[in-house]
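Have the sequence and the 3D view open as you read.

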Amino acid sequence: LIIPDWKNFAGELKEIFTECEKNTSGQTAQYIPQLAAVPPEQFGISVTSIDSQQFSHGDSDELFCVQSCCKPIIYCIAIELTSHEIVHRHIGREPSGRNFNELALDKNNLPHNPLINAGAIMACSLILPEKEQAEKFDYVVNVWKDLTAGFQPVFSNPTYLSELETADRNFCLGYLMKEKGSFPPHVDS
């Protein structure tokens with residue numbers, strides 16, 4: 001998206017930022033210890049257009065864990081590497097009307113959509129299935145690097161370990177999909 005009047009656009013973004021910054025309701029994710037420790041007042045925005053115009057404001061230099069923000073990107077990567085048709089043989093297209101991590105599949109034993117945990121887990125299984133985990137990880141990190149105008153994403157081992165300690169439901173979703181035959185044939189564990 002090329003924005004011809006970038007200065008005006010950036011001014012509008014700053015106004016939106018200022019309005020949103022007033023909202024201090026809600027809280028950080030309390031179910032993952034490492035995320036619960038993040039200062040809730042951190043708030044930043046960064047936008048880069050396809051022709052490299054950039055706007056950053058607030059705490060945009062603070063590193064943060066993308067968590068569920070990665071789901072649309074993972075979905076797009078899976079589609080780009082396979083096809084829309086292949087992805088949707090394993091992931092539904094409808095809103096679930098349920099919590100993001102609920103133990104539920106649709107009537108076809110598929111995740112309801114790619115933006116809930118089960119759908120994101122499934123989308124990950126479709127990314128470079130012939131490659132080892134390390135190669136898949138590097139590929140996804142490089143996609144993020146491209147999407148962030150060259151910023152090198154970092155891996156936070158403390159956040160990973162904190163997430164792993166509380167990941168029983170996600171493991172359960174994976175086993176549920178495996179038991180129901182939802183995964184493609186190459187997925188064996």
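Two residues are in contact when they have heavy atoms within 4.5 Å. This is a predicted model, where local features need pLDDT of at least 70 and side-chain atom pairs count only at pLDDT 80 or more, while totals for chains, interfaces and linings use all residues. Residues are numbered from 1 along each chain as its sequence is written, and side-chain values use heavy atoms, leaving out hydrogens and water.

**Inside: the nonpolar cores**
- A nonpolar core is a set of buried (under 20% relative accessible area, 1.4 Å probe, protein chains only) Ala, Val, Leu, Ile, Met, Phe, Trp, Tyr and Cys residues joined through side-chain atoms within 4.5 Å.
- The largest core has 19 residues, and Ile74, Ile77, Ala78, Val87, Ile127, Val140 and Met177 touch the most other members.
- Two or more residues of this core come from each of α3 (70–81), α5 (117–125), α6 (133–147) and α8; helices are DSSP runs (H or I, at least four residues), numbered from the N terminus.
- The largest share, 4 residues, belongs to α3.
- Beyond its neighbours within four places in sequence, Ile127 is in contact with Ile74, Ile77, Ala78, Leu81, Lys136 and Val140.

**Outside: a nonpolar patch**
- On the surface, Phe137, Phe155, Tyr160, Leu161, Leu164, Phe171 and Tyr175 form a nonpolar patch with about 730 Å² of accessible area together.
- Such a patch joins nonpolar side chains (Val, Leu, Ile, Met, Phe, Trp, Tyr) within 5 Å, from residues with over 30% relative accessible area and no salt bridge (a side-chain nitrogen of Lys or Arg within 4 Å of a carboxyl oxygen of Asp or Glu).
- Accessible areas come from the Shrake-Rupley method with a 1.4 Å probe, and for residues only the protein chains shown count as cover.
- α7 (157–165) gives the largest share of the patch, 3 residues.

Terms used. Patch = residues over 30% accessible without salt bridge, like charges linked within 9 Å, V, L, I, M, F, W, Y side chains within 5 Å. Buried < 20%, exposed > 50% of the residue type's maximum accessible area, 1.4 Å probe, protein only.
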